[in-house]
Amino acid sequence: MPSILKVKGLSTTFSGKHGDTTVVDGVDFELGKGEILGIVGESGCGKSVTSLSILQLLGKKGESSGVIQFNDMNLLEQSEKAMRGIRGRDISMIFQDPMSSLNPILTIGKQIGEMIEIHEEASGAERKLKVIGLLKKVGIPRAEEIYREYPHRLSGGMKQRVMIAMAIACNPAVLIADEPTTALDVTIQAQVLDLLKGLQKELNMSIILITHDLGVVAEMCDRVVVMYAGQVVETADTRTLLRSPKHPYAKGLVHSASLVSNENKRLNSIPGQVPLPGQFSSGCRFADRCEYVLDVCRRSQPSLSKLDKNTTCRCWLYGSKEAVQ
Amino acid sequence: MARLKEVTQSLHAPLMKEEKNPALVQKKLKVSMFWKVWNHKRAKYHLIFLFLFLVMGIFGPMIAPFDPNKPFYDALLQAPGKEHLLGTDALGRDVLSRLLYGTRVTLTVSILAAGITFVAGTLLGLISAYVGGIVDNILMRIMDILLALPSIILALAIVAVLGPSLTNAMIAVGVSSIPSFARLTRSAALTIKSSGYIEASRSIGSSHSWIIMRQFLPNITGVLVVYTTLFIGGAILDTAALSFIGLGAQPPAPEWGTMLSEGKNYIYEAWWLATFPGIAITVVVFVINDFGDVLRDIFDPKSVN
Amino acid sequence: MKTKLLEVKDLEKRFKLKKAVFAPPSFVHAINGVNLVLHEGETLGIVGESGCGKSTTGRCLLRLIEPSHGEVIFEGKDITHFTKSELKAFRKQVQMVFQDPMDSMNPKMTIGEIMAEPLISHKIPKAQWQELLTSTIKLVGLNEDHLSRYPHEFSGGQKQRIGIARAIILRPKVIVADEPVSALDVSVQSQIINLLQDLQEELDLSYVFISHDLGVVEHIAHRVAVMYLGEVVELADSEELFRDPLHPYTKALISSIPRKDPDERKERIILKGEIPSPSSPPAGCKFHPRCEFAAEICKTKRPALKQVYGREVACHLY
């Protein structure tokens, strides 16, 4: 599969009052054309910052280094103006909270229309037609009426559909969906996931799906990147990851998410908690919570090494070499 | 139990910040508020100024070169000079001495007035927010009616009823700013009311007074301190204004507002009479108000740090 | 036969809608005719989507919200008519654990003070405090040093442990847990669920476990009530319910859980439409506009909860 987006050595640092904090540290992954790639991890693992780094939406205090290769250009070297042209047209994004992502004082039609207005040339009537078409495409009933409605009149699921309509308005090559269904009810989540999957096939988009829910990953994704404490700890195709996770963290995640109890009816869990950015140890960042921890884990950090064609893992147990720091 | 112990040990969750012994941490938190203020670039000077002001209020009479009411008949309306640093007034009284004695009056009156506002306003605001419903509605409508009048007019009305004297002026100033203070307290308390820990405390079976004293108050003290500071500035101005129109401190008491009022008759012949009390009022009120703003920045977590 | 500890009969809660001053008052039925029973030592799960009234039900159980109608019977007495002092004694027996551990703790109090709050309000002699505080904090997997710290020094999972410690310090009989793990990360979720299960065994607790996460409920609950728009639509043993849901809504709900097993590609039931607003619920069976089996009767007559194969379902199909 030819890759459309290639992230290499992405590091993102935020400067603050108490010095700089590196939130994303040397992240590598590739997104194939027409592929749905999942990025999973717990809160604070850097998955959202990774996606914001791709679109350069970090604000003044964030600074990224590394390479983000998209269509023969490095996004990190693009000017703000060039990035504005890329956002929404080539790479677009939907967020977790559809409530706060829509402007409450503009009608739905106007907001989606604006997206088209920025990136394409079309007359007002053409635009309206296109917006209504989009609303129908994302499964919104009574599209003509909703076109004139304000966001607060819509339910959470409907708003997320509007966000999706907006994101696909310019047929982007890549869609980044950051926890798109976390705020939704489970029956509505099923609807929205279904919609996303259908649209992906229809428009041949590539999707980066950021989530903490391995169930969503299992239903949607072709491949998965597992992140922990700002680093990629494992990448594998979905089936391999869920069937035989390699990295101890991925193991813990898969086992605790499946809610399978062990002999004495207890859930598998990972002891302790995710370390905060800025408090990472110099060894393997998972060492303190790992049940297989070795001496070497505390001393030095393993690199992300290739296990086979599709699987990489950052762990001393799987023959990693020492990471270059 | 054995298994539970095992679980406990296996979890032995390391704290996010592993350091310091607990007693130290607690002490630090209490002291840290002062240092936060002290380390602010402007607040440090405000604190020093207000401290000096306080010292002047307490020890002013001892520093003052003369008795504030003693007339020097040989030196009527004398311009600032060697003997009388800030000059003398029409009766030959030393302006500097009167100003220093006036510091104490101003200080007591404004602090007591702000105290009245603080106690009554906090109480009304908290009750209104906590009880809610009809009580809230009635209390706040009354406050709205009172707020429709400028506080100085309200104060005038109160003094008119009680009679002109410094004590009454103080009460009037204090009472007249209760409505706005109560409203501010209420809105601060309302944000706390929706917090989960209030509901949690109720679910435990805590009494109303406990919830108000231990859950509400500590979480709005920051806001209350800021408001009170700002109200002290306002109280100084209002008291001076009442005295200026003759409804506050009565002559010959040395009060800044009264001095200003006496000085206005001689504004062309003896500029120093009105100027120095005027400057004193302006500077003190300015510093207190700016200090209030600084405190707001420090206490408000949302402000840019 | 297990003893009934808590029983809810025909519980109803209306919220008044604010309209124009002279308009006739209109009401939203947050819950409407809910009947539930909690047995000793059991975990009763309440599941449903947003707006189904599960949290309102939980709060009515403790009278944190006053029910508009119906009875909540605890150990044979109806708590809806309790006086202030009776209510206080009742709250010693029934405690609550909240969803957002951050929000449910006063940031200005130390952990020790937060945990001692129930001791103060229920006038437990000071001599017992130290013992209770240390034993309880150890029960939830933290240690004594943590007592003098402030909430912001803890992670989400640790805070939820403290929230649980506060709830069990008086050694209550019932704990109402409202979405206790939904704000937590997956790996931490299982820690807390394990803890709750251990405590249940250790302290003979009964739980009312409210959650939107069916997976978690399936694991922890013995019996499960499924709610939709303020009504219980199905009530059954957890195992039976998840193996063979009867009500069409339960069927859809269970089939919408994303499958974690990549090889298990089950055909999902995708419900049409949205959850109607509780302020204008459909007539008859409230689920009928979204139900694939809806018949004429469903549009007019509200189905009652009735016994079907030893469980309770509210559907005209049965």
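With a relative accessibility of 37%, B:Arg42 counts as partly exposed, a class that lies between buried (under 20% relative accessible area) and exposed (over 50%), as computed with a 1.4 Å probe on protein chains only. The model is predicted, so that local features need pLDDT of at least 70 and side-chain atom pairs count only at pLDDT 80 or more, whereas totals for chains, interfaces and linings use all residues. Side-chain values use heavy atoms, with hydrogens and water left out, residues are numbered from 1 along each chain as its sequence is written, and chains are lettered from A and ligands numbered from 1 in the order in which they are written.

B:Arg42 forms a salt bridge with B:Asp290, the closest N and O atoms being 2.9 Å apart; the term denotes a side-chain nitrogen of Lys or Arg within 4 Å of a carboxyl oxygen of Asp or Glu. Because B:Arg42 lies in the loop between α2 (22-39) and α3 (43-63) of chain B and B:Asp290 in helix α12 (residues 271-299) of chain B, the pair ties together parts that are 248 residues apart in sequence. Helices (H or I, at least four residues) and strands (E, at least two) are DSSP runs numbered from the N terminus. B:Asp290 is buried, its relative accessible area being 14%.

Over all chains the structure holds 38 salt bridges. In chain B, the side chains of B:Arg186 and B:Asp136 meet in a salt bridge at 2.7 Å, N to O, and this pair links helix α8 (residues 178-193) with helix α5 (residues 133-148) of chain B, the two residues being 50 residues apart. Both B:Arg186 and B:Asp136 are buried. A network of salt bridges that share partners joins B:Asp89, B:Arg93, B:Arg98 and B:Glu262.

In chain A, a salt bridge is found between A:Glu179 and A:Lys47, with 3.8 Å between the closest N and O atoms. A:Glu179 lies in the loop between β7 (174-178) and α8 of chain A, and A:Lys47 in helix α1 (residues 47-54) of chain A, so the pair ties together parts that are 132 residues apart in sequence. A:Glu179 and A:Lys47 are both buried. An unreviewed UniProt entry places the feature "domain: ABC transporter" at residues 5-254 of chain A, in the numbering used here, with a shortened feature name and the caveat that annotations may be inferred rather than shown by experiment. This span is 40% helix and 28% strand, and its end C-alpha atoms lie 27 Å apart.

The contact between chain A and chain C (heavy atoms within 4.5 Å) takes 39 residues from chain A and 36 residues from chain C. About 3300 Å² is buried between the two chains, 49% of it on carbon and sulfur atoms; buried area is the accessible area (1.4 Å probe) that two parts lose on being put together, summed over both.
On the side of chain A that touches chain C, the elements that give two or more residues are α7 (156-167), α8 (186-203), α9 (214-220), α10 (238-243) and α11 (248-257) of chain A, and α8(A) gives the most, with eight residues.

In chain C, C:Asp204 lies in the loop between α6 (186-203) and β8 (206-211) and, at 61% relative accessibility, counts as exposed. Residues up to four places away in sequence aside, C:Asp204 touches C:Lys173 and C:Leu199.
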